[in-house]
Amino acid sequence: MVYYQKMTPEGYQKIVDEIAELKKDRPRRIKILQAARALGDLSENTEYTEAKRDLGHLQSRIRFLEKQLKYSEVVKKTTDQVVDLGSKVILDFGDGDQEEYEIVGSLESDVAAGKISYHSPLGSALMKQKAGQTVDVEAPAGDYQVTILKVE
């Protein structure tokens, strides 16, 4: 069974862009490796060792990202007012403060940037809910309630 990772179109494009940047940087890193190799004795050549390691990391990152794209399913946001992947929600945690989050795939999540995974406790509690509803969130640090003020 193949498991496909759900992702927003923006998250997919971000990975495509990163792969393009890494591939653009690869020739420069190859030249650095070739120059370091030309310095002579490879057994004590730290420049060569570092250049080889850096190129290996770059190639490994490209392979990793390409697999992410291969096994991803791009999900487009529906136009209804139900929380789904790609939705932006404004929430009230009961303290009067409003916070805005975007529901994204696991690979795209970045809480500091306001992007939460639909697999997270908060994200999964919000899925398929509508504005005006109060949902129970079961989190490792303790359960709490949150009210959905707006779904975009």
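Helices (at least four residues) and strands (at least two) are DSSP runs, numbered from the N terminus. Keep that in mind as you work through these exercises on a predicted model.

**Exercise 1. Find where lysine 128 sits, and decide whether it is buried or exposed.**

Solution. 
- Step 1: Start with the elements on either side. Lysine 128 belongs to the loop between α3 (121–126) and β6 (134–137).
- Step 2: Look at the backbone. Lysine 128 has a positive phi of about 70°, although it is not a glycine.
- Step 3: Compare the area with the cut-off. Exposed means over 50% relative accessible area. Lysine 128 has 53%, so it is exposed.

**Exercise 2. Describe the surroundings of lysine 23: which element holds it, and which residues does it touch?**

Solution. 
- Step 1: Lysine 23 is part of helix α1.
- Step 2: List its contacts. Leaving aside residues up to four places away in sequence, lysine 23 touches Ile62 and Glu66.
- Step 3: From C-alpha to C-alpha, lysine 23 and tyrosine 4 are 25 Å apart in space, and they are 19 residues apart in sequence.

**Exercise 3. Work out what the overall build of the chain is: how many helices and strands does it have, and in what order do the elements run?**

Solution. 
- Step 1: The order is β-α-α-β-β-β-β-α-β-β.
- Step 2: The C-alpha trace spans about 70 × 30 × 30 Å along its principal axes.
- Step 3: Turn to burial. Of the 152 residues in the chain, 34% are buried.

**Exercise 4. Explore the largest pocket: which residues are closest to its centre, and which element supplies the largest share of its lining?**

Solution. 
- Step 1: Begin with the space. The largest pocket holds about 270 Å³.
- Step 2: Go to the centre. Among the 14 lining residues, Gly11, Lys14, Ile15, Leu107 and Glu108 are the closest to it.
- Step 3: Trace the lining to its elements. Both α1 (9–37) and α2 (46–70) supply at least two residues, and the largest share, five residues, comes from α1.
- Step 4: Sort the lining by class. It has seven charged, four nonpolar and three polar residues.

Key. Residues numbered from 1 in each chain as written. Predicted model: local features only at pLDDT ≥ 70, side-chain atom pairs only at ≥ 80, totals over all residues. Heavy atoms only, no water. 1 Å grid on protein atoms, 1.4 Å probe; cavity = no way out; pocket = protein on both sides within 12 Å on 5 of 7 lines; lining within 4 Å. Points joined across faces, edges and corners; volume = space filled by probe spheres on them. Nonpolar A, V, L, I, M, F, W, Y, C, P; charged D, E, K, R; others polar. Buried < 20%, exposed > 50% of the residue type's maximum accessible area, 1.4 Å probe, protein only. Contact = heavy atoms within 4.5 Å.
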